[in-house]
Amino acid sequence: FGYRQNIFSPTALPYDDEQEGLKDQITIHFSHVVAENTPKGIAAEKFAQLVEEKSDGRLVVQVYPNSMLYSDDNELKALLDNEVQMIAPTISKMTDMLPNWQVLDLPFLIENNEQLKEVLNSNVSQSLLKELDTVHIKGLTFWSNGFKQIASTTPIVEVGQFEGKKIRMMPSNILRKQFTLLEAEPVATSFGNVYRDLQNHVVDAQENTISNIYSKQFHTMENHITLSNHGILAYAVLMNEQFWNGLDEEYQQIILDSLEEMQDWQFEQAQKFNEQNLQDLQSDPNVIIYELDETNKNQWKEQLQPIYKHYENTINDHYLDDLLDEMN
Ligand code: LMR
């Protein structure tokens, strides 16, 4: 990566090798928390490749996966401080800063990939991205990682099996409400700590996409997987606003063109990764996979119903109406 770690300060920022003839090269440091072989991991690399090609090497994106530079807990501050120039956090992690974004975490709202693609490319998503202006972040686009499933150390198929489960969640009020309604015990921890928390029995279940479960080997401990598709996992691709404003228009256009060019590809790759990783899990004799049948799904939905009234009473509900219109 052109990254030589300073042994005295492991978080020392990478610096750009001054290469002859490229001294006006601009480097975008892109930090994220998942493995390279995931929908977000390959999307970041694809973005880097397109930007470098379109700028003839004058604009370079250095990607730092696996929380190697910053974790969930500090990547947003690193972006705001221009320590890194890009991150792509799951939408749930932005809901403290932008409560209206909770609409995308409502359970069983988006039912399939067609609806998910429509929503992520809809006017509603554009309006949600625009809200980032109010917190001085440049919102570029949304990427997909498909649908969330349940992974657990014991079966969770009937809704009653959530009761008392210490379930890891991303820090989000609407997700806390979701798991409280399911009578689980939600535990908010960063993605980088989930494996350790499972080993130490701090948590014994989580919701996540198949690609996140498989790429971090969570299934070796949470070997009961319920294909619930109860929620989506999407990423907000963010850039430091001051860095964006400081770019020549030509470079801004290269960034927007690169993201536009890869948008459909990224959505398809997310679908492929989750399908492939599900096959990988299905071939693992230690993993038990449950489909959520209509009876159980209706029980989950019934128990979660109050979350919609909660949402409408506490958050800007025109987004919910707009999303429902978009999908119908
Ligand atoms: C999680 O925290 O489980 C996910 O948001 C990680 C990711 O970035 O996909």
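1. Thr189 is buried in this predicted model, its relative accessible area being 14%. Because the limit for a buried residue is under 20%, Thr189 qualifies at that value. The residue is placed in the loop between β6 and α6. Leaving aside residues up to four places away in sequence, Thr189 touches Arg168, Met169, Val194 and Asp197.

2. Glu183, which is not a glycine, has a positive phi, near 65 degrees. Glu183 sits in the loop that runs between α5 (173-181) and β6 (185-188), and this residue is partly exposed, with a relative accessible area of 45%.

3. His201 likewise has a positive phi, of about 60 degrees, without being a glycine. The loop that holds His201 lies between α6 (194-199) and β7 (205-208). With a relative accessible area of 58%, His201 is exposed.

4. The next point concerns the packing of two helices. In general, such a pair is described by the angle between the axes and the distance between them. For α5 and helix α11 (residues 306-314), the angle is about 150 degrees and the axes are 10 Å apart. Angles over 145 degrees count as roughly antiparallel, and α5 and α11 are therefore roughly antiparallel to each other. The crossing of α5 past α11 is right-handed.

5. Which residues of α5 and α11 make the contact? On the α5 side they are Ile174, Lys177, Gln178 and Leu181; on the α11 side they are Pro306, Ile307, His310 and Tyr311. Sorted by class, the contact of α5 with α11 comprises 5 nonpolar, 2 polar and 1 charged residues.

6. The largest nonpolar core has 88 residues, of which Phe47, Phe162 and Ile255 touch the most other members. Strand β8 (residues 224-240) supplies the largest share of this core, 8 residues.

7. Not counting residues up to four places away in sequence, Phe47 touches Phe30, Val61, Met86, Trp143, Ile255, Ser258, Leu259 and Met262.

Notes
Residues numbered from 1 in each chain as written. Predicted model: local features only at pLDDT ≥ 70, side-chain atom pairs only at ≥ 80, totals over all residues. Heavy atoms only, no water. Helix = DSSP H or I, 4+ residues; strand = E, 2+ residues; numbered from the N terminus. Buried < 20%, exposed > 50% of the residue type's maximum accessible area, 1.4 Å probe, protein only. Axes fitted to C-alpha atoms, helices over the stretch in contact; angles between N-to-C directions. Parallel < 35°, antiparallel > 145°, perpendicular 65-115°, else oblique. Left-handed = near helix turned anticlockwise from the far one by under 90°. Contact = heavy atoms within 4.5 Å. Nonpolar A, V, L, I, M, F, W, Y, C, P; charged D, E, K, R; others polar. Core = buried A, V, L, I, M, F, W, Y, C linked by side-chain atoms within 4.5 Å.
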